[in-house]
Amino acid sequence: MTEEQNQGEKGAKKALPPKGVQEQALSHQRSIWPFGLAVALIILLVGLITNPVVLGIGVVLTVAAIVGWGLERRK
Amino acid sequence: MATRTIVEAPVVERRKRLDETYIGEWLMTTDHKKIGVMYMLTGFFFFLAGGVEALLIRTQLAVPNGHVLSPEVYNQVFTMHGTTMIFLFVMPTLTGFGNFVVPLMIGARDMAFPRLNAFGYWMVLFAGIFLSSSFLLGQAPNGGWFNYAPLSELTSNCGNAVMCTPGLNEDFWLLGILLLGISSIAGSLNFVVTILKMRAPGMTINRMPLFTWMTLITAFLLLFAIPSLTAASVMELLDRHLGAHFFQFAAGGDPLLWQHLFWSFGHPEVYILILPAFGMISEVLPVFSRKPIFGYTFIAWSGVAIGFLSFTVWAHHMFAVGLPPIAQAFFATSTTLIAIPTAVKIFNWIATIALGKVSLKVPMLFACGFIAMFLIGGLDGAALAVVPFDYQVTDTYFVVSHLHYVLFGGTVFGIFAGFYYWFPKMSGKLMNERLGQIQFWLMLIGINLTFFSMHILGLLGMPRRVYTYPDNLGWNEINLLQTVGAFMLGLAIMVFFWNLITSLRSGLPAGDDPWDAYTLEWDTSSPPVHYNFLTIPTVRSRRPFYDMKNPDIADWKTATH
């Protein structure tokens with residue numbers, strides 16, 4: 001067996017999920033913050049060309065979204 | 001005696017959390033496949049919008065002295081046509097393909113940064129809505145997709161003591177582009193890290209599928225090209241609203257600085273738009289020729305060469321502004337040089353088809369159409385690198401023809417090749433072959449009717465961006481012909497959407513591997529389960545799925561790579 005093949009098989013063993021791991025454990029963890037941050041940024045930009053009050057709301061929402069994103073617990 | 005009444009306990013139903021509802025599932029998803037599908041749906045929506053704008057332009061120009069659109073609206077429509085097609089159709093759609101396909105191709109379960117990936121998509125959607133909403137205010141961007149200064153300036157330095165663009169038109173463009181730039185940077189970063197760090201065991205860089213290669217190069221191009229556009233946009237916003245003078249000659253600024261900054265983004269951008277299509281073609285051709293790609297290494301590394309050279313050619317868009325001869329010579333040479341790696345790819349694709357057992361299914365038809373149409377666009381580009389010739393045809397319809405052969409004949413044909421190829425994996429259904437063929441032939445005839453004659457129109461001197469023309473210049477019949485071709489293209493796109501909808505509703509089941517393909521994405525169910533692979537596959541050659549299906553004649557037993 002060549003060294004390359006050997007490495008490939010070692011890699012495959014390493015990549016196997018641990019015993020008992022169910023498909024559920026591999027599922028994607030959802031998050032609202034990407035959507036929330038994008039909404040906040042668009043409000044901020046609309047405020048930039050329309051109204052300082054909208055701009056202020058956009059700034060607050062953007063900060064809130066960044067904080068929420070940062071504090072979200074991930075697996 | 002006490003009696004006891006047994007009351008049926010009320011059934012308490014827990015309210016569904018947001019992420020358990022159908023809408024919430026899409027709003028909150030971080031699954032690369034769903035995000036890829038959302039990118040593509042958004043891209044195709046804006047393709048329709050940009051297509052309607054194109055048909056409006058062609059209707060206005062069908063006959064001389066047309067009055068379908070006013071000059072003001074025409075400016076907005078042609079500006080938004082370019083902006084929509086480039087930033088809101090092609091880029092999101094190609095990113096969608098990358099999102100859906102690349103992690104599957106490299107044997108990964110997701111992108112490296114799933115939340116950043118979702119954020120990139122939402123930014124594209126909202127930026128698109130933001131840009132398009134400008135039509136509702138009657139103030140859509142109107143300075144062309146290149147937004148040249150000083151026309152796009154707010155103050156009275158256009159040269160005639162008039163206000164340049166006093167409305168919100170250019171603000172919409174500049175802010176929309178800033179938003180899209182954020183999305184592009186987020187997406188590119190994700191692709192680079194995913195491809196470099198999350199490949200399956202054994203998938204060395206020289207075993208990566210070519211679509212993954214081209215996506216990686218494109219991501220690097222975006223990372224290096226977008227900052228130039230972002231900087232220019234911020235500078236122009238400062239000019240417009242905070243009294244700066246970066247692009248105002250009268251105050252010591254330089255309008256040409258905008259052109260340099262824009263095109264040092266804009267020319268890499270052309271390759272950002274075409275390289276992923278090169279990758280798609282490089283996946284489709286070998287599968288439908290039943291042989292490995294010819295010259296894998298040359299195709300991959302010529303992509304790298306194109307990436308580097310694309311940063312050295314920007315001023316060929318500016319030959320007519322009066323560059324010094326040494327600069328003209330440099331940019332003419334670098335532009336000619338970039339034709340070499342491009343031609344290398346074309347020779348390799350032709351060699352892949354040659355002597356193969358060619359199956360002319362719809363993805364293959366579009367791939368072959370891509371080669372032919374892109375070749376015309378590429379040869380036009382080489383002609384435009386010749387400075388005296390460029391002087392003659394600059395800002396004429398010759399240039400419009402060139403860019404549409406590259407971006408429509410090239411990128412859009414590539415997108416359809418890729419879409420027909422990977423649609424069974426995305427949906428589990430096959431698209432209708434007959435409708436696909438009708439669409440292909442309508443598109444092939446339509447594109448040549450519309451854009452080939454633009455070469456002649458350009459040589460006859462018709463300038464681009466004019467909203468109408470007098471009837472005594474010999475341009476009438478050619479313009480009418482182009483309008484007929486454009487509506488034929490519109491019909492082809494309607495056939496595509498009809499095919500898409502009917503195939504989703506009642507298409508034949510595709511199975512997991514309908515094309516007997518070679519790469520890892522076909523080693524999953526159709527559509528793939530959310531975790532892609534329960535066990536990460538091991539790769540031993542450039543055609544890992546072919547190896548699995550043919551263990552006796554696996555590539556790794558015979559090939560050296």
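**Reading the terms in a two-chain model**

Biologist: Why is Leu229(B) called buried?

Modeller: Leu229(B) has 24 other C-beta atoms within 10 Å. A residue is buried if 20 or more other C-beta atoms lie within 10 Å of its own, exposed if 12 or fewer and partly exposed in between, with C-beta atoms placed from the backbone. Leu229(B) is therefore buried. This is a predicted model, where local features need pLDDT of at least 70 and side-chain atom pairs count only at pLDDT 80 or more, while totals for chains, interfaces and linings use all residues. Residues are numbered from 1 along each chain as its sequence is written, and chains are lettered from A and ligands numbered from 1 in the order in which they are written.

Biologist: Thanks! Where does Leu229(B) lie, and which residues is Leu229(B) in contact with?

Modeller: Leu229(B) is part of helix α6 (residues 210-241) of chain B. Helices are DSSP runs of H or I with at least four residues, strands are runs of E with at least two, and both are numbered from the N terminus. Beyond its neighbours within four places in sequence, Leu229(B) is in contact with Ile177(B), Gly181(B), Phe262(B) and Phe265(B). Contact here asks for C-beta atoms, placed from the backbone, within 7 Å. Trp258(B) sits 29 residues from Leu229(B) in sequence, with 9.2 Å between their C-alpha atoms.

Biologist: What makes α12(B) and α13(B) roughly antiparallel?

Modeller: Helix α12 (residues 397-427) and helix α13 (residues 433-459) of chain B pack at about 165°, with axes 7 Å apart. Axes are lines fitted to C-alpha atoms, for helices over the stretch in contact, and angles run from 0 to 180 degrees between N-to-C directions. Angles under 35 degrees count as roughly parallel, over 145 as roughly antiparallel, 65 to 115 as roughly perpendicular and the rest as oblique. The pair is therefore roughly antiparallel. By class, their contact holds 12 nonpolar, 6 polar and no charged residues. Ala, Val, Leu, Ile, Met, Phe, Trp, Tyr, Cys and Pro count as nonpolar, Asp, Glu, Lys and Arg as charged, and the others, Gly among them, as polar.

Biologist: How do you know how α2(B) and α14(B) run relative to each other?

Modeller: Helix α2 (residues 32-61) and helix α14 (residues 476-506) of chain B pack at about 155°, with axes 9 Å apart. On that scale α2(B) and α14(B) are therefore roughly antiparallel as well. Their contact divides into 6 nonpolar, 6 polar and 1 charged. Residues of α2(B) that meet α14(B) include Gly51(B), Ala54(B) and Arg58(B).

Biologist: What makes a set of residues a nonpolar core, and which members touch the most others in the largest one?

Modeller: A nonpolar core is a set of buried Ala, Val, Leu, Ile, Met, Phe, Trp, Tyr and Cys residues joined through C-beta atoms within 7 Å. The largest has 170 residues, and Ile281(B), Val284(B), Phe366(B) and Ala417(B) touch the most other members. Among the residues that Ala417(B) touches are Met280(B), Pro363(B) and Phe370(B).

Biologist: And which elements does chain A have?

Modeller: Chain A has 3 helices and 0 strands. Buried residues make up 23% of its 75 residues.

Biologist: How many residues does each chain give to the contact between them?

Modeller: Chain B gives 30 residues and chain A gives 27. On the chain B side, α4(B) gives the most, with 8 residues. That side divides into 17 nonpolar, 6 polar and 7 charged.

Technical notes
Two residues are in contact if their C-beta atoms, placed from the backbone, lie within 7 Å.
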